[in-house]
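Me: I am new to reading protein models, and I would like a close look at one part, taken slowly and step by step.

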Amino acid sequence: MEPIEMIEKVCERVNVTFEEAREALEKNNWNVEETLKYFEEQGKEVKPEKEEKAEKPEIIEIKEYKETVIEEEDKGTTIRDLIHKAIDYLRFNSIRVEKDGTEIVRIRLFLFVILMCVAGHVVLPVMIVGLFLNFRYSIVGKNSFKTVNKMMDSVSRAAQAAKDEFTKA
């Protein structure tokens, strides 16, 4: 134990000044127990040593933990991480266009988003017409898009059903 820690310990247990505790420790060869006995013999009250209780760890739910971590994180870092994640999704995944089970074209989502921004008024109608010509769209790549692909399949089936109804009429 460092001398400063010994002095603080004596001050904690005996109501004495820092200087008095240091002097008493020097007289007792820096032995804390001997110094406490010394003060006791002088009639000073020596408090019992504090027992440090082992605290039970607080159990929190994962949701609360995540909310706490997000609150404590730098907001700029969180936004930056979201932007990096979005860019990675756009770089490593593609939209696939197929007809009758044969892949016609595969375009990176990054390029597809740019096309939609620049020429969405042309691309979107062409995609809708493609649905009626038995084209199917799906997203493929590094990440799993099962829900999005199921939705795209149901849109394709709905377009096919509408086309069949129109043909019958």
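In which sense, left-handed or right-handed, does α1 pass α3? Please describe the packing around α3 as well.

Reply: This is a predicted model, and in it α1 passes α3 in a right-handed crossing. Two packed helices are described by the angle between their axes and the distance between the axes. For helix α1, which covers residues 3-13, the axis comes within 10 Å of the axis of α3, and the two cross at roughly 35°. The side of α1 that takes part is made up of Met-6, Lys-9, Val-10 and Arg-13, and these meet Val-32, Glu-33, Thr-35, Leu-36 and Phe-39 in α3.

The crossing of α2 past α3 is right-handed. From α2, the residues Glu-20, Ala-21, Ala-24, Leu-25 and Lys-27 take part, and they meet Val-32, Thr-35, Tyr-38 and Phe-39 of α3. The residues of this contact between α2 and α3 divide into 6 nonpolar, 1 polar and 2 charged.

Reading the two contacts together, you can find Val-32, Thr-35 and Phe-39 of α3 listed where α3 meets α1, and again where α3 meets α2.

Terms used:
Residues are numbered from 1 along each chain as its sequence is written. This is a predicted model: local features need pLDDT of at least 70, side-chain atom pairs count only at pLDDT 80 or more; totals for chains, interfaces and linings use all residues. Side-chain values use heavy atoms; hydrogens and water are left out. A crossing is left-handed if the near helix is turned anticlockwise from the far one by less than a right angle, and right-handed if clockwise. Helices (H or I, at least four residues) and strands (E, at least two) are DSSP runs, numbered from the N terminus. Contact means heavy atoms within 4.5 Å. Ala, Val, Leu, Ile, Met, Phe, Trp, Tyr, Cys and Pro count as nonpolar, Asp, Glu, Lys and Arg as charged, and the others, Gly among them, as polar. Axes are lines fitted to C-alpha atoms, for helices over the stretch in contact, and angles run from 0 to 180 degrees between N-to-C directions.
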